[in-house]
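Please keep the structure open in your viewer while reading, with a selection tool at hand. The tour moves from one selection to the next and says what is to be found at each stop.

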Amino acid sequence: MTAETPTAPDAPAPEGREGHGGDHALDAARAHGVETMFTLSGAHVFPLYDAAVKADQPMRLIDVRHEPSAVFAAEATGKLTRTPGLAVLTAGPGVTNGVSPIAQAHFAGSPLVTIGGRAATHTWGMGSLQELDHPPIVSTVSKWAGTAKTTDEIGPTVDQAFALAGSSHRGPTFLDVPMDQLFSRTTAPADAAYGSLPDTIEPDDDQVGQVARLIARAERPLLVLGTDVWADGAEEAALRFVEETGIPAVSNGMGRGVVPRGHRLLVTKARSQALGKADLVVVVGTPLDFRLGYGVFGGKDGATPAQVVHVADSPGQVSTRADLAASLSGDLTACFDQVLRALEATTGTRPSWSGWAEQLSDAVSAAVTRDAELLSASADPIHPARIYGELIPRLADDAVVIGDGGDFVSFAGKFLEPARPGCWLDPGPYGCLGAGLGAAMAARIARPDSQVVVLFGDGAAGMSLIDVDTLVRHNLPVVMVVGNNSAWGLEKAPMKFLYGYDVAADLAPQTRYDEIVTTLGGGGEAVTDPKEIGPALDRAFASGVPYLVNVMTDVDAIYPRSTTGV
């Protein structure tokens, strides 16, 4: 592995355990809390299935119809549980089919371990079936990628892959195992131990003090909370920081819900004004990428440019491109709590930003009023916002909502604010479509008592709907909603804007995706009348099966954007 790989064990391997390579891999994965293996069958990895089936407590196997769904499911498991999910892929095309989901995990910071099959050592270089050296392909989008070359290396290498994937900054790791070594048998050393613990990074005291001083001097500070606030287990510390300082906050990714919907200091609905008029923006747990204007804030309506502080879970995540006034890295709970204490020590009494917070709160109220008209729109064809007007009142506080699409899911980001953290999944900055059904499998398993809702654009739906078969076979009921505008909406409007026409952006009109689901054993219906959206959703939630509500929407009702994305 690498020098940064944690090695401290907290769970012993079965003493003197004799078994094939799959048994030893399973022991290591189990020591890290893995209870589900997502896969698509392939002979190169049969011993892993044998180990799962024959274990004293069998491991759950979820077999999918296309490998990306297996990796997307394991990635979503890592997001929801905050411990690495496990995907197992057969050699060659099995692994290469999983590269895009691994890349998504890389850019989203999702803890994920993927184990690939590999052509046998004794025939390597002779042209055996699906012979491919996978690690060089995967290494550019993973924290580590390598090969367990012998049966004896399998257990320790799997253990270290999980430890590294779960350590800040989290992300995917990959290992493949030659087929002959995976089938071979060995006995684990009596002193073998699995369950290596992740490292903890402590914040630097001087950096803490610098951040606190900048906050104390600010007149219009703003806090941005991103995915790593959730991934690092810092959601309680973040909410405590917001409430004790009174600093307004916006959120993105899995940072959504850390400050719950309706909270007086949650100003995501006034995001443009908040980011444009702030004089200090403290960004925590998310990169300063295109979603945040590459870290350039302030300057709106004559306001001065904002100073920027970047707080990350590890030093390597701190922006090297943005013009930073200060930065801080380490365990995010410690970062929040130590800055809070330093702020109090710096100022004696904490500053009050109530006027600034009230200004943004008024802007939020105005946005809510504007949104209400769209959410209740009775237009024909249906405006996509009306779907959210019907869905939002039907969502429980612990509902898991999954976005898989472009334009239609952008509306979800605008209107839907979670009540709790860890309840929103989207592709993250990589923007990979087709992740929805894999994520739905993971959510149904990780949150068996919660509503699980997948929001599909019709383009994204076409990428993975065959895996409704997986949901049906494994009894994983979820509600699916398709905003069906018969187009690649995120591309159609920008191309028209740039060229005056569009090509390669239209899909077949009003495709009956619901009938695909019913054919695969689920339920579904098509909706063309806005008044029927709510009743259709009620039937979906009550059905107890995978159920798709296929809503025909207006292709011209596009999400308002300030750029074309190019």
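This is a predicted model: local features need pLDDT of at least 70, side-chain atom pairs count only at pLDDT 80 or more; totals for chains, interfaces and linings use all residues.

A residue is called buried when its relative accessible area is under 20%, exposed when that area is over 50%, and partly exposed in between.

Select tryptophan 124, which lies in the loop between strand E6 (112-118) and helix H6 (135-138). Because its relative accessibility is 35%, tryptophan 124 counts as partly exposed. If residues up to four places away in sequence are set aside, tryptophan 124 touches Arg118, Ala119, Glu131, Leu132 and Asp133.

Most residues other than glycine have a negative phi, and most peptide bonds are trans. Glutamine 130, however, has a phi near 60°, a positive value in a residue other than glycine, and at 27% relative accessibility glutamine 130 counts as partly exposed. Aspartate 301, in the loop between strand E13 (280-284) and strand E14 (307-312), likewise has a positive phi, of about 55°, and with 65% relative accessibility aspartate 301 counts as exposed.

The bond from serine 168 to histidine 169 is cis, with omega near -5°, and histidine 169 lies in the loop between H7 and strand E8 (172-178). The bond from aspartate 380 to proline 381 is cis, with omega near 5°, and proline 381 sits in the loop between helix H14 (354-375) and helix H15 (384-391).

Now display helix H1 (residues 21-31) together with helix H7 (residues 151-165), whose axes are 8 Å apart and pack at an angle of about 25°. H1 and H7 are therefore roughly parallel to each other, and their crossing is right-handed. On the H1 side the contact is made by Gly21, His24, Ala25, Ala28 and Ala29, and on the H7 side by Thr151, Ile154, Gly155, Val158, Asp159 and Phe162. Sorted by class, this contact of H1 with H7 has 6 nonpolar, 4 polar and 1 charged residues.

Move on to helix H3 (residues 67-81) and helix H17 (residues 436-446), whose axes come within 7 Å and cross at roughly 45°. That angle makes H3 oblique to H17, and H3 passes H17 in a right-handed crossing. From H3, Ser69, Phe72, Ala73, Ala76, Thr77, Leu80 and Thr81 meet Gly438, Ala439, Met441, Ala442, Ala443 and Ala446 of H17. By class, the contact of H3 with H17 has 9 nonpolar, 4 polar and no charged residues.

How many of the 11 residues of H17 are buried? The count is 9 of the 11, so H17 is largely enclosed by the rest of the structure; among the buried residues are Gly436, Leu437 and Arg444. Within H3, select threonine 77, which is buried with a relative accessible area of 17%. Not counting residues up to four places away in sequence, threonine 77 touches Phe38, Arg82, Thr83, Gly85 and Ala442.

Note on methods. Residues are numbered from 1 along each chain as its sequence is written. Side-chain values use heavy atoms; hydrogens and water are left out. Axes are lines fitted to C-alpha atoms, for helices over the stretch in contact, and angles run from 0 to 180 degrees between N-to-C directions. Helices (H or I, at least four residues) and strands (E, at least two) are DSSP runs, numbered from the N terminus. Angles under 35 degrees count as roughly parallel, over 145 as roughly antiparallel, 65 to 115 as roughly perpendicular and the rest as oblique. A crossing is left-handed if the near helix is turned anticlockwise from the far one by less than a right angle, and right-handed if clockwise. Contact means heavy atoms within 4.5 Å. Ala, Val, Leu, Ile, Met, Phe, Trp, Tyr, Cys and Pro count as nonpolar, Asp, Glu, Lys and Arg as charged, and the others, Gly among them, as polar. Buried means under 20% relative accessible area, exposed over 50%, partly exposed in between (1.4 Å probe, protein chains only).
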